[in-house]
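Hi there,

Here is the structure I promised to pass on to you. Have a look at it first, and then read on for what turned up in it.

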There are 2 protein chains.
Amino acid sequence: MAVDTVEFAGTGEKRELVGGSATFASLSAGLYTDVRMVGVVGRDFPTATLDALRARGVDLAGVQVVDGETFRWHGRYAADLSSRESLDTRLNVFEHFKPTLPQSYRDSRIVLLGNIHPTLQGEVLDQAASPALVAADTMNFWIHGTPNELRAVLRRVNLLIINEEEARDLTGHRTIARVGRDLQKLGPQRVVVKQGEYGAWLFDGDEIFHAPAYPVEQVIDPTGAGDTFAGAMLGYLDAEGTLSPGAFRRAVVHGSAVASLCVEHYGTEGVLGAARDRIDARVRAFARLVHAEHG
Amino acid sequence: MAVDTVEFAGTGEKRELVGGSATFASLSAGLYTDVRMVGVVGRDFPTATLDALRARGVDLAGVQVVDGETFRWHGRYAADLSSRESLDTRLNVFEHFKPTLPQSYRDSRIVLLGNIHPTLQGEVLDQAASPALVAADTMNFWIHGTPNELRAVLRRVNLLIINEEEARDLTGHRTIARVGRDLQKLGPQRVVVKQGEYGAWLFDGDEIFHAPAYPVEQVIDPTGAGDTFAGAMLGYLDAEGTLSPGAFRRAVVHGSAVASLCVEHYGTEGVLGAARDRIDARVRAFARLVHAEHG
């Protein structure tokens with residue numbers, strides 16, 4: 001959970017944008033199902049966002065509110081929004097965060113391990129009784145900094161959701177076919193490789209699925225799109241109730257749909273404004289987008 | 001039609017690779033239908049390639065064989081094959097080339113205008129009696145060097161097949177949705193934007209279609225993949241016989257399938273080795289790749 005300052009070439013600097021993986025993923029999953037959130041914020045974190053999470057059915061029992069400032073990130077996007085640089089990162093209350101599952105969370109059926117130290121990811125998993133699905137994200141910092149710890153936790157993960165660049169970094173391969181298969185060899189039988197505006201691939205056993213990114217007219221702010229994708233994907237899976245191959249494919253499409261609503265606004269505004277009828281319209285549009293059989 | 005020298009980071013320099021847009025596109029279209037080729041070569045152009053074209057049913061009446069050397073390009077790919085630089089370009093016999101349609105070509109139903117000076121593209125079109133479909137390619141050199149001539153010929157084109165980078169350059173937009181619509185405003189009611197390893201988008205009136213690139217294990221040489229795509233697309237359309245929206249979508253999938261066979265080998269080797277059963281297997285794989293409705 002974060003409070004960001006983000007510089008955009010066209011529209012200037014936006015301050016006090018609420019962000020953070022857990023925030024985006026919970027707001028997104030909350031569109032589909034009950035969510036149990038784990039995180040930490042300082043006293044500066046906007047009450048309005050906590051209220052919005054609660055209003056979406058997100059349980060905040062696992063969110064620690066402590067003295068000090070929330071994690072703060074200051075970044076700048078390239079003019080075409082295809083890359084960004086970090087100007088300043090202040091861990092603040094996140095520095096000594098130990099994610100702890102409240103007793104009421106321990107029977108969770110689906111667990112999403114956010115992008116934190118892989119040892120902490122493992123400790124979260126130790127606290128979950130017997131989840132049916134363990135999903136995880138990671139990043140270059142852990143791939144290079146804590147490779148052994150990362151490999152240990154990946155062996156306990158069923159679904160890895162990862163950016164293409166990081167996936168290439170982790171496997172040393174370039175083509176999506178090799179990248180996907182190599183990631184599966186690290187443990188997860190299912191792998192989603194996110195390619196941003198170029199969509200996402202799902203590797204599920206021997207099967208491969210691709211969903212394009214929904215072709216939005218204008219991207220305003222890509223921050224949080226990947227977390228929004230992951231949240232919608234898992235929220236959809238929980239709501240559908242089954243973990244069949246088809247459910248995972250449809251979950252990827254829902255992830256793409258909600259992520260496309262996210263990037264059309266600054267910060268969490270897009271995912272806050274997402275409604276099921278607009279999501280469903282984009283999901284239907286996906287079916288037309290890739291349909292080549294008839295006509 | 002070209003003879004290339006290409007440097008690859010992993011495997012070193014390949015000399016005397018046969019290339020050129022017309023070569024790739026004709027070999028590819030020839031997998032589907034009768035092709036009438038227009039181009040120019042010098043005495044150095046390999047007879048074996050001309051024989052291979054003939055064997056694939058490509059009519060060479062429009063290919064001029066003249067004294068001098070064939071167009072020669074020398075380039076170098078980046079290690080990950082995602083970009084390349086030109087080290088040397090020698091126009092040779094191409095410098096004063098005036099594409100001329102033999103009388104026997106003038107009733108051609110489908111015309112592909114290769115990536116040459118837009119005024120020459122227009123002159124080719126003047127020689128065609130009444131084609132049902134005029135497709136064209138272009139590149140940054142003409143976008144910046146001859147913008148008015150390019151705009152004039154685009155108004156006579158039904159199907160523009162263009163790389164994403166060039167499409168962005170031509171429209172000044174970034175998102176695929178705006179790029180596609182803006183290209184349609186320049187004249188062509190149908191536009192294909194090729195994104196290399198990220199697939200291709202078809203804009204057809206108000207409808208949008210996306211096909212991923214087939215996930216090949218290893219890319220050996222991306223040279224000619226775009227021309228192979230265009231050739232297979234138009235060859236398929238001619239063979240199918242109708243120009244319905246569904247036929248265009250299926251044509252994009254065939255373009256992707258043959259392009260994926262092209263990049264797995266050096267030069268024209270992949271498209272020369274392409275056989276209908278392998279193409280059809282990849283086309284069937286595409287249907288599974290994007291199928292999210294059931295299961």
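Before the strands come up, one definition is handy: two strands count as paired if DSSP finds at least two bridges between them. Please also keep in mind that this is a predicted model.

**The strands around E10 in chain B**

Let me start with strand E10 of chain B, which covers residues 190-194. On one side of the pairing list is strand E9 (residues 159-163) of chain B, which runs parallel to E10(B) over 5 bridges. Within that pair, B:Ile161 sits opposite B:Val192 of E10(B). E10(B) also pairs with E11(B), this time in the antiparallel sense and again over 5 bridges. Here B:Arg190 is found opposite B:Asp204 in E11(B). The hairpin of E10(B) and E11(B) has 5 residues between the strands, and B:Gly196 takes a positive phi near 60° in it.

Is E10(B) enclosed or open to the outside? A residue counts as buried if 20 or more other C-beta atoms lie within 10 Å of its own. By that cut-off 5 of the 5 residues of E10(B) are buried, so the strand is largely enclosed by the rest of the structure. In a regular strand, side chains alternate between the two faces of the sheet. In E10(B), B:Arg190, B:Val192 and B:Lys194 point one way, while B:Val191 and B:Val193 point the other way, and all are buried.

Next along is the pairing of strand E11 (residues 200-204) with strand E12 (residues 207-211), both of chain B, which is antiparallel with 5 bridges. B:Asp204 has B:Glu207 of E12(B) as its bridge partner. This hairpin has 2 residues between its strands, and B:Gly205 is the one with a positive phi near 60°.

**A second sheet in chain B**

There is also an open sheet of 4 strands in chain B, with the order E2-E1-E5-E6 and mixed pairing. Strands E2 (12-19) and E6 (84-90) of chain B are at its edges with a single partner strand each, so one side of each has no neighbour in the sheet. On average, and ignoring direction, neighbouring strands of this sheet are turned by 20° against each other. Inside it, strand E1 (residues 2-8) and strand E5 (residues 71-77) of chain B run parallel and are joined by 6 bridges. B:Asp4 stands opposite B:Trp73 of E5(B).

For a look at the E1 strand of the other chain, take A:Val3, which lies in strand E1 (residues 2-8) of chain A. A:Val3 counts as buried because 25 C-beta neighbours fall inside 10 Å. Leaving out residues up to four places away in sequence, A:Val3 touches several others, among them A:Val18, A:Phe45 and A:Arg72.

**A helix and the core**

Helix H3 (residues 118-127) of chain B has B:Pro118, B:Gln121 and B:Val124 buried. These cover an arc of only 110° around the axis, which puts them on the same side of H3(B). Their cover includes strands E7 (110-113) and E8 (133-136) and helices H4 (140-145) and H5 (147-154) of chain B.

The largest nonpolar core has 168 residues, and those with the most contacts inside it are A:Ala135, A:Val252, A:Val258, B:Ala135, B:Val252 and B:Val258. Beyond its neighbours within four places in sequence, B:Val252 is in contact with B:Val192, B:Ala200, B:Leu202, B:Phe209, B:Ala211 and B:Met233.

**How the two chains meet**

At the interface, 30 residues of chain B are in contact with 30 residues of chain A. Helix H7 (176-185), E12, helix H9 (245-262) and helix H11 (276-289) of chain B each supply at least two residues of the side that touches chain A. Which of them gives the most to that side? H9(B) does, with 5 residues. Since 100% of the interface residues of chain B are also interface residues in chain A, the copies meet through the same surface.

Enjoy exploring the model!

Best wishes

Conventions:
Residues numbered from 1 in each chain as written. Chains lettered and ligands numbered in written order. Predicted model: local features only at pLDDT ≥ 70, side-chain atom pairs only at ≥ 80, totals over all residues. Core = buried A, V, L, I, M, F, W, Y, C linked by C-beta atoms within 7 Å. Buried ≥ 20, exposed ≤ 12 C-beta atoms within 10 Å, placed from the backbone. Contact = placed C-beta atoms within 7 Å. Axes fitted to C-alpha atoms, helices over the stretch in contact; angles between N-to-C directions. Arc of directions from axis to C-beta.
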